[in-house]
Amino acid sequence: MTLLKFFIFLALFANAFSLEKNLNKGSIFFLTSDFHQEELDYTPVEIFNDISNQIYDELGIKEEVTLFIKKQSSGASFDNGSILTVPANFYILSQEVKSFKSNHHLKAIIAHEYGHALLSAKINQEITRSNFLFSSSKELSKKTIAMEELNIEKKSSQITRERKKEIRFLLAKQRFEASRLYKSILSHPDSERLLDIIPSYQELYADLISYLLLEKPTIMSEVLISKNSTDIEVEQSFARSFYMTNTDHSHKDPHSHLARTRQFLGAYIEKQNLNNETKKKILNTVTQAIIENLKLRLDNYELDGSLEKINQHLIDSISKKL
Ligand SMILES: [Zn+2]
């Protein structure tokens, strides 16, 4: 997701309940925006717990995140800092009809968003010039969480009028600081370039995590279609698969810019006996190739404007390491 969406994101959680739950791999603090406390749905938390455990066991990586759970939505997101926003009930909207998806599909979505957090941590670790982006984004996430806590307190019937007044002041202060942080990110000299080149690699990596976890090359395409989907929607969703990739739609959005690389990876993975070792090898290879390509493109504009060249360069980097 782009940084421009941060403010929209910040505004989404005005009324929330807060709960803490200890999960197997670290403590995850989560909030829900539109639930009533008595109908809290733990499903996404349990799914996240399963996913983070499976990724840690199979791929040896983990990252601490905060889950924001919405009652229902047709979208999910990672805020570039530490917050994953996921719905308890995910639906696809096609021809104005909502089609609710299964928990199996929700698993693929949560794995995808968690994948973003994992790659962000890796980019932050490997590319020093991206540190400002991720540290400021994490600070922004902290402010989002702090604002939620204040909003929760404000809703309580037991607080005094003075405290309510104080909360209003504290919320305004947090909003001001968040806006200052946001501006500082955008004014950084490397910001525009990083935000331009990172997203398509992020989407490839996040979809690869879902694929390796659920062992299905078409899993993200399945998630995105319903029986009401139009032909174009079906074609677009298949541009994200690692199987029958339609590259005609790849220019339209970063989710499918690396369609040719997906096709290449799908063909390679199909021939492998998928176990923890091969999964680790594939993911490490793709991660290293992504970091290498990002480092190269940070100051080099030669590949810009040609998805053909961008894909070929990434495929060459992956091939050399496989
Ligand atoms: Zn994504």
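# Strands, helices and a core

Visitor: What percentage of the contacts with a separation of 6 or more comes from residues 24 or more positions apart?

Guide: Such residues account for 64% of those contacts in the protein, two residues being in contact if their C-beta atoms, placed from the backbone, lie within 7 Å. The model is predicted, with local features needing pLDDT of at least 70 and side-chain atom pairs counting only at pLDDT 80 or more, while totals for chains, interfaces and linings use all residues. Residues are numbered from 1 along each chain as its sequence is written.

Visitor: What makes up the secondary structure of the protein?

Guide: The protein has eleven helices and six strands, where helices (H or I, at least four residues) and strands (E, at least two) are DSSP runs numbered from the N terminus.

Visitor: Why are H6 and H10 called roughly antiparallel?

Guide: Helix H6 (residues 191–214) packs against helix H10 (residues 276–299) at an angle of about 175°, with the axes 10 Å apart; axes are lines fitted to C-alpha atoms, for helices over the stretch in contact, and angles run from 0 to 180 degrees between N-to-C directions. Angles under 35 degrees count as roughly parallel, over 145 as roughly antiparallel, 65 to 115 as roughly perpendicular and the rest as oblique, and H6 and H10 are therefore roughly antiparallel to each other. Among the residues that make the contact are Tyr201, Tyr205 and Leu208 of H6, together with Val286 and Ile290 of H10.

Visitor: Which residues does tyrosine 205 touch?

Guide: Leaving aside residues up to four places away in sequence, tyrosine 205 touches Gly115, Leu119, Val286 and Ile290. Tyr205 is also listed with Leu84, Ile110 and Leu208 as having the most contacts inside the largest nonpolar core, which has 62 residues. Such a core is a set of buried Ala, Val, Leu, Ile, Met, Phe, Trp, Tyr and Cys residues joined through C-beta atoms within 7 Å. H6 gives the most to this core, with 13 residues.

Visitor: How do you know whether glutamate 148 is buried or exposed?

Guide: A residue is buried if 20 or more other C-beta atoms lie within 10 Å of its own, exposed if 12 or fewer, and partly exposed in between, with C-beta atoms placed from the backbone; glutamate 148 has 24 C-beta neighbours inside 10 Å and therefore counts as buried. Glutamate 148 lies in helix H4 (residues 131–155), and its C-alpha is 9.2 Å from that of leucine 171, 23 residues apart in sequence. Across the 322 residues of the protein, buried residues make up 38%.

Visitor: How many bridges join strand S3 to strand S5?

Guide: Seven bridges join S3 (residues 66–73) to S5 (residues 83–94), and these strands run parallel, with serine 73 bridged to phenylalanine 90. Two strands pair if DSSP finds at least two bridges between them. The four bridges between S5 and strand S6 (residues 97–100), which run antiparallel, include those of isoleucine 92 with serine 99 and of tyrosine 91 with phenylalanine 100.

Visitor: Which residue in the turn between S5 and S6 has a positive phi?

Guide: In that hairpin, with two residues between the strands, glutamine 95 has a positive phi of about 50°.
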